[in-house]
Amino acid sequence: MSEDGLRAAVEKMREEGVADAAINAFEHYYRQLEAGETGLVPEDTIEPVTELPHLDELPSDPEAEREALQKAIVLRLNGGLGTSMGLTGAKSLLEAKDGLSFLDVIARQVLALREAHDARLPLVLMDSFSTREDSLKALAQHPDLDVGLPLDFIQNKEPKLLVEDLTPAEWPDNPALEWCPPGHGDLYTALVTSGMLEDLLERGYEYAFVANSDNLGAVLEPRILAWLRANDVPFLMEVTERTEADRKGGHLAKRKQDGRLILRETAQTPEEDLKALQDLSKHRFANTNNLWVSLRALDAAMRERDGVLGLPMIRNQKTVDPGDKSSPKVFQIETAMGAAIEVFDGARALIVPRTRFAPVKTTDDLLALRSDAYRLTEDSRVELVRDSVPIVTLDADHYKLMRDFEARFPKGPVSLKEADRFEVEGDVTFGADVVARGAVKVTGPATIEDGTVLTD
């Protein structure tokens, strides 16, 4: 039956106009799924990473940095709709800081780097069909970004597969729900299928600095770039010391079998090993998803592997309609772009400060970013004003969706620069200039008046 399933899935992708290389990659992972592979990485097959170089240890060579910047691009993953926050458009168009959207801040960061280093540094987005139109319209407000390169390319898509027989799911009520992105590991395939990789190499670009568009701490650091070129490093993952906020995220490890650095995501961790995954003293380093990729090395690897990089498979089980838990169970075959660390010989990892890792996955994160715990510098960097990120926990029933969140902070965010922890339980609306200090818990229903100071 699964052979029929593969045939039906490939047919469906061809009818949709999905590129051959993307179909080949899907077939590769389908075969693994069919063979019963789960993509799980048991704890007894890995060991913790203990020693890594730190960004502070890298040399500074302004001339090498200036030269390297002429050969680099900034690549932002911009396919997310922010559906978990109740959004229907590109999450990067949401206001992030001081009235600017994520995309506005990113554009300004790139332009500031260009000016500071007299570089041609392009910004390129990996969009989805859902985010492309609005995002390109937003970038048109920054005409100086144009360096003659396309501003974006489109990520691929693949059919969701029914758990019961691995055939493509059908959902006539909303056929768009029959499809899913292949995870951000599709970046490498999409660079090839879009022609973007070939275009970049022809124009003399050598390195891509890749990051998620919801992480404004991720600014291209010229020192890292110059160090990569000087040492001919094909792939680099930025990691940071894990905190309580990273217990559920991917971490760096070393595979016992061959000593290679690997990325283990939560979805790849057997249930009995989740406690070890969450042990911050054991697995110390979180993947920031700030990656540096040698475009030449990527091109060589894709050619050598017939267009299939062979990243570890992640088998994600969901329902075909995420909003209807009674709808049929499906597998989404995904890969993580950071997993490429195990593909390239000589791949490295580098410890970076927490300031380079400020992703916004929830309204909790957004409140912290919009608050005075972060500041926007003159060159559009988003920096923590303190040593650690305040832990924000908002009641999901009242704050998870953006419309509810905005309604409860109608006059702007709470001041968090002196807060260690800010927790809200129940329905609470906050007035203007409310200040939180230390570890604060607010229980609703309540209205917090303008100018209130909340303490331990």
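Predicted model: local features only at pLDDT ≥ 70, side-chain atom pairs only at ≥ 80, totals over all residues.

User: Why is Thr240 called buried?

Analyst: Buried means under 20% relative accessible area. Thr240 has a value of 2%, so the label applies by that cut-off. Thr240 is found in strand S11, residues 235-241.

User: What makes the pair formed by the side chain of Thr240 and the backbone oxygen of Val352 a polar contact?

Analyst: The limit for a pair of N or O atoms is 3.5 Å. The oxygen of Val352 lies 3.1 Å from a polar atom of the Thr240 side chain, which is within that limit. Beyond four places in sequence, Thr240 is also in contact with other residues, among them Arg284, Phe285 and Phe357.

User: Why are S8 and S15 called edge strands?

Analyst: The open sheet has the order S8-S16-S15. Strand S8 (161-162) and strand S15 (314-319) each pair on one side only. Helix H2, residues 20-34, lies across S8, S15 and S16, at about 125° to S16.

User: Which residues touch the most other members of the largest nonpolar core?

Analyst: They are Leu220, Leu394, Leu416, Phe422 and Phe430, in a core of 70 residues. Helix H4 (residues 102-117) gives the most to this core, with 7 residues.

Conventions. Residues numbered from 1 in each chain as written. Heavy atoms only, no water. Helix = DSSP H or I, 4+ residues; strand = E, 2+ residues; numbered from the N terminus. Buried < 20%, exposed > 50% of the residue type's maximum accessible area, 1.4 Å probe, protein only. Polar contact = N/O pair within 3.5 Å; in protein donor to acceptor, adjacent residues only side chain to side chain. Contact = heavy atoms within 4.5 Å. Pairing = 2+ DSSP bridges. Axes fitted to C-alpha atoms, helices over the stretch in contact; angles between N-to-C directions. Core = buried A, V, L, I, M, F, W, Y, C linked by side-chain atoms within 4.5 Å.
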